[in-house]
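Okay, thanks for coming, everyone.

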Amino acid sequence: MADNTTETVSRIAEIIINELKLEDVTPETFEPDLDLVDEVGIDSMDLATIALVLRDEYGIRIDEDDYPKLTTVRIIADYIDSKRAEKE
Amino acid sequence: MDKQEYKFSDIIADPVIRERFEKVRKYFFLRESTYDMSNRCNIRCEGCYYFQGDKQFAEENRSVTDWRQLMAAENERGITFVVLAGAEPSLVPELCKTCYDEISLGCIASNGLILLPKEIDYRIHISVWGNDATSLEIRKAKDMLVRQMDNYGGDPRAVWVYTFTPLNIDQTREVTEKLAANKLQITFNMFSAPVGYDGQLRHTPDSLARTRTAMMELLNEFPETVLFSPYNVVAHTHEQGLHDLFSCSYPRMNPSTDIGLGRSFRQYRTDLKWDRAAACCVPDTDCDDCRHYAAGSAVVTARMYRHAANPLHFSAWLDYVDTYLAIWVKGYEKGVNLCRDMIEPPSGEE
């Protein structure tokens with residue numbers, strides 16, 4: 001699970017960097033506990049876009065009511081891994 | 001309805017959809033709040049939301065310095081779009097200009113009877129509640145449309161906002177024709193009852209259906225004049241209100257302060273105070289009856305995820321967002337509607 005999560009964290013960071021066109025950061029240097037709202041400055045529409053890309057990537061649905069909880073890359077990774085585990 | 005499961009990447013692989021998505025996406029940075037500019041108005045309309053509840057009794061703060069400080073603070077907390085409203089902002093042009101100097105994107109809701117200075121380069125929404133005979137009856141003001149057009153004819157800031165009530169549905173054509181003849185633009189609003197209002201302007205299932213028919217006819221006949229889409233028609237004339245359809249994300253109905261409107265939206269009164277419990281774009285509206293155009297602009301737009309279920313719903317959503325941007329952002333040009341049919345909103349369930 002730990003390896004899976006590490007992989008998920010890295011991939012989510014990559015998606016966020018690509019979608020938000022963030023500069024001066026790579027998936028390796030993206031701090032997974034950074035608060036995406038307070039410290040990265042993403043808003044609900046950004047998060048909805050990211051959620052759609054994650055839906056494609058992992059085949060899971062992110063409930064609209066769950067958006068507010070997804071405040072860091074690590075929390076998103078845990079959320080996705082738990083959703084994937086539910087499906088298995 | 002199409003039951004095929006689509007990936008988002010498949011939906012936006014369509015070049016027309018992708019182009020429109022990229023066009024509207026550039027404006028995802030917009031974060032709004034609204035501001036009551038004055039507790040006075042030069043007319044008094046039946047059913048006016050401003051003169052409901054206790055916000056009308058707030059003291060006016062007319063200090064340019066205080067307003068400048070407020071706008072600077074709003075800018076600092078990430079607000080990028082201001083809506084200047086209640087009661088009549090054109091009575092305090094110096095405050096509107098102060099807001100414009102600090103935050104350059106915004107909109108002013110006005111009755112259009114007093115011309116706002118050109119240097120306030122916000123979108124200006126001019127309210128229409130029927131033909132001039134009805135305006136005289138409901139708003140106690142003579143020749144409203146004539147005077148509004150005298151003030152704002154040829155002004156690229158202006159868009160007329162026609163509020164449908166059960167009493168004025170058949171007058172929309174007359175107003176639209178006059179605006180079309182002068183190459184002006186109109187969009188549609190729905191009267192949404194203030195809390196406790198039980199008067200003649202509250203919509204009924206019959207008036208909603210008649211409004212839907214009128215809107216579609218005008219949209220089809222005056223595509224250069226009417227800023228709207230078939231999906232706007234559906235969303236605003238549905239028997240269910242906006243909250244039931246899309247789950248309103250304004251603080252008044254949304255306890256979350258984590259992200260989006262629940263986090264950033266504030267509705268300031270004329271004394272520059274705000275109350276989270278009353279914060280939405282049209283305070284004191286009965287939420288069950290809310291079909292207001294300003295509410296829909298935020299509430300429908302926020303539900304991108306659920307609309308990205310198939311190309312049809314996503315196209316309808318794009319039309320809605322494209323329309324909202326054209327109405328609210330000066331200089332934004334609306335594209336051709338991608339979805340020509342009236343489709344039911346998605347439920348939000350898997």
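This is a predicted model: local features need pLDDT of at least 70, side-chain atom pairs count only at pLDDT 80 or more; totals for chains, interfaces and linings use all residues.

Chain B has an open sheet of seven strands, and if you read across it the order is β6-β5-β4-β3-β2-β1-β7, with parallel pairing. At the edges you have β6, residues 186–190, and β7, residues 267–268, and each of those pairs on one side only.

Let's go to β1 of chain B, residues 32–36. How many of its residues are buried? Five of the five, so the strand is largely enclosed by the rest of the structure. As a reminder, in a regular strand the side chains alternate between the two faces of the sheet. Here, B:E32, B:T34 and B:D36 point one way from β1(B), while B:S33 and B:Y35 point the other way, and all of them are buried.

Next to that, β1(B) is joined by five bridges to β2 of chain B, residues 81–85, and the two run parallel. If you want a landmark in that pairing, look at B:Y35, which stands opposite B:L84 in β2(B).

B:G86 and B:A87 are joined by a cis peptide bond, with omega at about -20°. B:A87 is in the loop between β2 and α4 of chain B, α4 being residues 93–102.

Further across the sheet, β4 of chain B, residues 123–128, and β5 of chain B, residues 158–164, run parallel and are joined by five bridges.

Now the helices. I'd like you to look at α5 of chain B, residues 132–139, and α6 of chain B, residues 144–152. Their axes are 7 Å apart and the packing angle is about 105°. An angle from 65 to 115 degrees counts as roughly perpendicular, and α5(B) and α6(B) are therefore roughly perpendicular to each other. Which residues of α5(B) and α6(B) meet? From α5(B) we have B:D132, B:S135 and B:R139, and from α6(B) they meet B:M144, B:L145 and B:V146. Sorted by class, that contact has three nonpolar residues, one polar and two charged.

Let's stay on α6(B). Its buried residues include B:M144, B:Q148, B:M149 and B:Y152. On the face turned away from the buried side, α6(B) carries the exposed residues B:V146 and B:D150. And after α6(B) comes B:G154, with a positive phi near 75°.

On to where the two chains meet. The contact takes 17 residues from chain A and 16 from chain B. Which helix gives the most to the chain A side? That's α3 of chain A, residues 44–58, with ten residues. The chain A side as a whole divides into nine nonpolar, two polar and six charged residues.

Last stop, the loops. In chain A, look between α1 and α2, where you'll find A:K21. Phi of A:K21 is near 50°, which is positive in a residue other than glycine. Is A:K21 buried or exposed? With 6 C-beta neighbours inside 10 Å, A:K21 counts as exposed. A:L22 is also in the loop between α1 and α2 of chain A, and A:L22 is partly exposed, with 15 other C-beta atoms within 10 Å. A:L22 is 18 residues from A:V40 in sequence, with 9.3 Å between their C-alpha atoms.

Over in chain B, B:S247 sits in the loop between α10, residues 242–246, and α11, residues 261–264. B:S247 has a positive phi too, near 60°, and is a residue other than glycine. B:S247 is partly exposed, with 16 other C-beta atoms within 10 Å.

And finally, B:D341 lies in the segment after α14 of chain B. B:D341 is exposed, with 11 other C-beta atoms within 10 Å. Its C-alpha atom is separated by 9.6 Å from that of B:V234, 107 residues away along the chain.

How values were computed:
Residues are numbered from 1 along each chain as its sequence is written. Chains are lettered from A and ligands numbered from 1 in the order in which they are written. Axes are lines fitted to C-alpha atoms, for helices over the stretch in contact, and angles run from 0 to 180 degrees between N-to-C directions. Helices (H or I, at least four residues) and strands (E, at least two) are DSSP runs, numbered from the N terminus. Angles under 35 degrees count as roughly parallel, over 145 as roughly antiparallel, 65 to 115 as roughly perpendicular and the rest as oblique. Two residues are in contact if their C-beta atoms, placed from the backbone, lie within 7 Å. Ala, Val, Leu, Ile, Met, Phe, Trp, Tyr, Cys and Pro count as nonpolar, Asp, Glu, Lys and Arg as charged, and the others, Gly among them, as polar. A residue is buried if 20 or more other C-beta atoms lie within 10 Å of its own, exposed if 12 or fewer, and partly exposed in between; C-beta atoms are placed from the backbone. Two strands pair if DSSP finds at least two bridges between them.
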